[in-house]
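Take a look at the structure below before you read on.

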2 protein chains.
Amino acid sequence: MDENEHVIFVGSKPFMNYVTGVVMQFTTQNAENVTIKARGKFISKAVDIAEVAAKRFLDNTVLVGSIQTDSEEFKNKEGRQIRVSTIALALLKKQ
Amino acid sequence: MDENEHVIFVGSKPFMNYVTGVVMQFTTQNAENVTIKARGKFISKAVDIAEVAAKRFLDNTVLVGSIQTDSEEFKNKEGRQIRVSTIALALLKKQ
């Protein structure tokens, strides 16, 4: 199984779209784990999605496992060096 | 040593205040680890602070270690049940 199969990238869509996406990966797609990824200002939203999916919708079957942060650096169109933080939250089906 | 001694709570002060606070805990206070905590919309800012402190200011001496998320539930003044996500990022001095 491709390790990128169950990845959800958080952006500007409505909050519940992402929660539903995570829940459905576990329920109808039978995923063992789902990774929620986000950058910059969407990091808070990604944490909320992970917490709501794991604790309200999938309580006692899924937990928030390892969480990684990192930085990406790139030049913007004015040529300035920009740094943006990233997060990856791994949700795991309890064994 | 009190385990809460080196904790920084992120709120609405300027970004660099917190980065400086983290860096000074490691440099002038000789901390072995510093925990950055935040709630709700300040979670993205807390991740940025951890990344900038560890990678730009303390490069090669400090790393972002374990990261924990959680939820707090409480009633607001209108009596509605509110849920807010929290994060704790542990920065560790490399051995």
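Let's start with a pair of strands: in chain B, β2 (residues 33–39) and β4 (residues 81–93) pair in the antiparallel sense over seven bridges. Strands count as paired if DSSP finds at least two bridges between them. Helices (H or I, at least four residues) and strands (E, at least two) are DSSP runs, numbered from the N terminus.

Keep in mind that this is a predicted model: local features need pLDDT of at least 70, side-chain atom pairs count only at pLDDT 80 or more, and totals for chains, interfaces and linings use all residues. Residues are numbered from 1 along each chain as its sequence is written, while chains are lettered from A and ligands numbered from 1 in the order in which they are written.

**The sheet of chain B**

- The whole sheet is open, has four strands in the order β1-β2-β4-β3 (chain B), and shows mixed pairing.
- β1 (7–9) and β3 (62–75) of chain B are the edge strands with a single partner each, so one side of each has no neighbour in the sheet.
- From one strand to the next, the twist averages 20°; angles run from 0 to 180 degrees between N-to-C directions, and axes are lines fitted to C-alpha atoms, for helices over the stretch in contact.

**Helices on the sheet**

- α1(B) lies across β1, β2, β3 and β4 of chain B, running at about 155° to β2(B).
- α2(B) packs on the sheet too, touching β2, β3 and β4 of chain B, and its direction makes about 5° with that of β4(B).

**Helix against helix**

- The axes of α1 (residues 15–27) and α2 (residues 43–57) of chain B come within 9 Å and cross at roughly 50°.
- That makes α1(B) oblique to α2(B) (under 35 degrees is roughly parallel, over 145 roughly antiparallel, 65 to 115 roughly perpendicular, and the rest oblique).
- Phe15(B), Tyr18(B), Val19(B), Val22(B) and Val23(B) of α1(B) meet Lys45(B), Ile49(B), Val52(B), Ala53(B) and Phe57(B) of α2(B); contact needs C-beta atoms, placed from the backbone, within 7 Å.
- By class, this contact of α1(B) with α2(B) has nine nonpolar, no polar and one charged residues (Ala, Val, Leu, Ile, Met, Phe, Trp, Tyr, Cys and Pro are nonpolar, Asp, Glu, Lys and Arg charged, and the others, Gly among them, polar).

**Where the chains touch**

- Chain A and chain B each put 15 residues into their contact.
- On the chain A side, α2(A) gives the most, with seven residues.

Definitions and conventions:
Contact = placed C-beta atoms within 7 Å.
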